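Hello,

Here is the structure for you to look through. My notes follow below it.

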Amino acid sequence: QAELELLANHADLQAARLAFLPSLNITGLLGFNAFKGSLLFNPGSIAYNALGGLAAPIFNRKGLKAGQKRFEAASIESLYAYNKAILTGFQEVSTSLKKIENTKKIADFKKQEVDVLQLAVITSRDLFTTGYATYLEIITAQKNVLEAELALTEVQKDQHLALIDLYRSLGGGWE
């Protein structure tokens, strides 16, 4: 969008620059727009029409310069908006990629934590069967596994949300 606005403002600026050139308009009227019937077929009527197109840039110089300045400012503004859009897009993609990478590392650590805690449940059951632990220790170990699994699913959710953010920042998405 920013690129198209930049191109449109550049085209407007070119049109403002071309407005300084004299123009000779060939119309289908050929002087038939005279106010009096006697002047309808007068060659002067045609000449005045052509003279107006040729002399208009000379008499309207200040207005044309003001229009050109306005289009130059709009063109510069659209260039800055284009640069900002590029930088914002790059920043969003970079941030999303880093977030995906970080959540992957966190998910790997959480998986290791779940595996270790599941071993702790097995160990606490073995200790319980041999009489060296209470059933409360088994329940506590199971509770710790459950909390770690919930934290792992939360990290995986964050990882999927980061993928969605990356997809959106690359131009995908929906309205």
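**How the two helices pack**

α3 and α4 are roughly antiparallel to each other, because angles over 145 degrees count as such. Their axes cross at roughly 165 degrees. Helix α3 covers residues 61-130, and helix α4 covers residues 135-169. The two axes come within 8 Å. The crossing of α3 and α4 is left-handed. Please keep in mind that this is a predicted model.

Which classes of residue make up the contact of α3 with α4? There are 21 nonpolar residues, 9 polar and 11 charged.

**The nonpolar core**

The largest nonpolar core has 9 residues in all. They are Ala107, Val114, Leu117, Val121, Ala141, Val145, Ala148, Leu152 and Val155. Two elements, α3 and α4, each give two or more residues to this core. Helix α4 gives the most, with 5 residues.

Take Val121, one of the core residues. Setting aside neighbours within four places in sequence, Val121 is in contact with Ala141, Gln142 and Val145.

**Thr88**

Thr88 lies in helix α3. Is this residue buried, partly exposed or exposed? Thr88 has 32% relative accessibility, so Thr88 counts as partly exposed. Buried would need a value under 20%, and exposed one over 50%.

Best wishes

Technical notes. Residues are numbered from 1 along each chain as its sequence is written. This is a predicted model: local features need pLDDT of at least 70, side-chain atom pairs count only at pLDDT 80 or more; totals for chains, interfaces and linings use all residues. Side-chain values use heavy atoms; hydrogens and water are left out. Axes are lines fitted to C-alpha atoms, for helices over the stretch in contact, and angles run from 0 to 180 degrees between N-to-C directions. Helices (H or I, at least four residues) and strands (E, at least two) are DSSP runs, numbered from the N terminus. Angles under 35 degrees count as roughly parallel, over 145 as roughly antiparallel, 65 to 115 as roughly perpendicular and the rest as oblique. A crossing is left-handed if the near helix is turned anticlockwise from the far one by less than a right angle, and right-handed if clockwise. Ala, Val, Leu, Ile, Met, Phe, Trp, Tyr, Cys and Pro count as nonpolar, Asp, Glu, Lys and Arg as charged, and the others, Gly among them, as polar. A nonpolar core is a set of buried Ala, Val, Leu, Ile, Met, Phe, Trp, Tyr and Cys residues joined through side-chain atoms within 4.5 Å. Buried means under 20% relative accessible area, exposed over 50%, partly exposed in between (1.4 Å probe, protein chains only). Contact means heavy atoms within 4.5 Å.
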